[in-house]
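Please consult the sequence and the model shown below before reading the notes. They are arranged by topic.

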Amino acid sequence: MTTIKPLIKNFLLYQGTTFKALFNWQIAELPLEQNCIAAMQIRPNITDTLIISTLTTENGKIIINASAGFIELKIPATETATFDFVKAVYDLELEFPNGDRYRIAQGQFSLNPEVTRDI
C-alpha cells in the first residue's frame, strides 16, 4: 500500500500575470501515468464554499507529462487579474486510472496586487 504525504507548497501569485508552477513527480513506487486526471481548487479558506479558481486536466489548466515526470499548473493572466484575495488555500489531487486518488500538494496562495492595469 502506498501512502502519499502531500507536499506543502506556498505560492506568491502576481495579480495580472500568468501563473505557472511545475511539480516533479518523484515517487518511484507509484509511477505517474499519462491517463491520470488532476484537480485543484483555490478557496479563501478551507471551509469556504466560494471557489476562486478551479484547475483541472479537463479545463487545460493542469497538464500531466508522465514521460517527463511532471505536473504543470497554469492560470492565465486574464484570470489572475480578477483575483482580489490577500491569502487563499488550495490542494491538488491526482486520480489514477484504477480509481486511486491522492492529495499530492497543499498550501497557500498570497496575492501581490497589480499596479499596471489595462495595457
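Predicted model: local features only at pLDDT ≥ 70, side-chain atom pairs only at ≥ 80, totals over all residues.

Residues are numbered from 1 along each chain as its sequence is written, and side-chain values use heavy atoms, with hydrogens and water left out.

**Overall form**
- The chain has one helix and nine strands, in the order β-β-β-β-β-β-β-α-β-β from the N terminus; helices (H or I, at least four residues) and strands (E, at least two) are DSSP runs, numbered from the N terminus.
- The C-alpha trace spans about 50 × 30 × 20 Å along its principal axes.

**Surface and charge**
- Buried residues (under 20% relative accessible area, 1.4 Å probe, protein chains only) account for 37% of the 119 residues.
- The side chains include 10 positive and 13 negative ones, and the centres of these two sets are 6 Å apart; Lys and Arg count as positive, Asp and Glu as negative, and His and the chain ends are not counted.

**Pairing with strand S9**
- Strands pair if DSSP finds at least two bridges between them.
- Strand S1 (residues 7-8) pairs with S9 (residues 101-112) in the parallel sense over two bridges, and Ile8 has Gln106 as its bridge partner in S9.
- Strand S2 (residues 11-14) also runs parallel to S9, joined by four bridges; Leu12 is partnered there by Ser110.
- Strand S8 (residues 87-95) is antiparallel to S9, with nine bridges, and Ala88 has Phe109 as its partner in S9.
- Five residues separate S8 and S9 in a hairpin, where Gly99 in the turn has a positive phi of about 95°.

Definitions and conventions
Buried < 20%, exposed > 50% of the residue type's maximum accessible area, 1.4 Å probe, protein only. Charge placed at Lys NZ, Arg CZ, Asp CG, Glu CD.
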